[in-house]
Every structure is written in structure tokens, then in C-alpha cells.
Amino acid sequence: MAAIKVYFDGQCPICGREVAVYRCLVASGSIDWCDLSAGPQSLEGETFGLDAALTLLHVRDETGALHVGLPAHLVMWDRLPVLRWLLGFLRGNAPVRRMFERLYFWFTARRPGLRQRRGRVARV
């Protein structure tokens with residue numbers, strides 16, 4: 001299975017802990033983790049900017065397709081055997097998926113330190 005690329009906010013304490021757990025659960029080489037705290041150079045050659053990537057999770061799958069937000073999580077969770085049950089549940093249950101998506105948008109807008117990081121991006 002080819003690697004997917006996950007762009008995550010390493011300065012967000014919640015995101016950092018989540019990724020640390022995922023790294024323990026995933027087979028080596030199946031996910032390329034890209035920490036956005038390295039700055040704009042971490043997105044060299046990408047079609048989206050750092051501000052967008054800090055706002056919502058971005059995942060580039062093995063075919064090169066870009067997934068953003070909850071769909072990005074679904075692509076990532078497909079690589080984590082322990083979370084595949086959740087993936088199947090969300091894909092097969094549209095009302096619950098919409099609720100998860102609303103909760104995801106609500107949470108991402110309130111992540112610790114996001115406003116400060118986005119402000120630094122705007123000044124670069």
C-alpha cells in the first residue's frame with residue numbers, strides 16, 4: 001500500500017497527541033506525517049497554503065487526490081486498523097457523519113493557539 005501524506009498542526013497540543021497515538025497504531029511507511037510547524041516550506045509543491053492547512057486537516061492520498069476536513073480523517077483512519085470500524089460507521093450513516101462534520105468544524109475553529117499561528121502566517 002502506497003503512503004498517504006497527512007499535514008497536521010504540530011503546535012496544537014491536541015493534534016500533536018492525536019498524531020502521536022496514530023503513529024503507534026499505523027504500519028511504518030503507510031503514512032508520511034508532515035508537521036506544519038516547520039512553516040510554509042513544509043508545503044512546497046502543494047496546491048494549498050499554510051493558512052488553509054492549519055485550519056483543517058489535509059491529506060493527500062496514494063492517487064494524489066486531496067482530502068480536507070472530515071474526509072481527510074476518513075482517508076487517514078482507513079490506514080489505522082483500530083479505527084476502521086468508525087470509518088465504516090461514518091461512511092454508512094449520513095446523519096451521524098454530518099453531525100461529526102459539524103463537531104469537527106466547531107472544534108477546529110477553537111483549537112488551542114490557532115488564531116496566533118494563523119496570525120503569524122498572515123505576517124509571513
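Analyst: From the N terminus, the elements run β-α-β-α-β-β-α-α-α-α. That comes to six helices and four strands. Both are DSSP runs, numbered from the N terminus: helices are H or I with at least four residues, strands are E with at least two. The model is predicted, so local features need pLDDT of at least 70 and side-chain atom pairs count only at pLDDT 80 or more, while totals for chains, interfaces and linings use all residues. Residues are numbered from 1 along each chain as its sequence is written, and side-chain values use heavy atoms, leaving out hydrogens and water.

The protein has 124 residues, and 40% of them count as buried. Buried means under 20% relative accessible area; exposed means over 50%, and partly exposed lies in between (1.4 Å probe, protein chains only). Of the contacts with a separation of 6 or more, 60% join residues 24 or more positions apart. A contact means heavy atoms within 4.5 Å.

Now to the helices. Start with H3, residues 70–77. Seven of its eight residues are buried, so the rest of the structure largely encloses H3. The buried ones are Leu70, Ala72, His73, Leu74, Val75, Met76 and Trp77.

H3 meets helix H5, residues 94–109. Their axes come within 10 Å and cross at roughly 110 degrees. That makes H3 roughly perpendicular to H5. Axes here are lines fitted to C-alpha atoms, for helices over the stretch in contact, and angles run from 0 to 180 degrees between N-to-C directions. Angles of 65 to 115 degrees count as roughly perpendicular, under 35 as roughly parallel, over 145 as roughly antiparallel, and the rest as oblique. H3 brings Leu70, Pro71, His73 and Leu74 to this contact, and H5 brings Arg97, Phe100, Glu101 and Tyr104. By type, the residues of the H3 contact with H5 are five nonpolar, one polar and two charged. Ala, Val, Leu, Ile, Met, Phe, Trp, Tyr, Cys and Pro count as nonpolar, Asp, Glu, Lys and Arg as charged, and the others, Gly among them, as polar.

Next comes H4, residues 84–91. Its buried residues are Leu86, Leu87 and Leu90. Seen down the axis of H4, they fall within an arc of 105 degrees, so they line one face of the helix. The arc is that of the directions from the helix axis to the C-beta atoms. In general, an α-helix has 3.6 residues a turn, so residues three or four places apart point the same way. What covers the buried residues of H4? The cover includes H3 and H5.

H4 packs against H5 at about 110 degrees, with the axes 6 Å apart. H4 and H5 are therefore roughly perpendicular to each other. From H4 come Leu86, Phe89, Leu90 and Arg91; from H5 come Val96, Arg97 and Phe100. This contact of H4 with H5 has five nonpolar residues, no polar ones and two charged ones.

Last, the loop between H3 and H4 holds Arg79. Is Arg79 buried or exposed? Arg79 is buried, with a relative accessible area of 6%. Arg79 and Tyr22 are 57 residues apart in sequence, and their C-alpha atoms are 9.4 Å apart in space.
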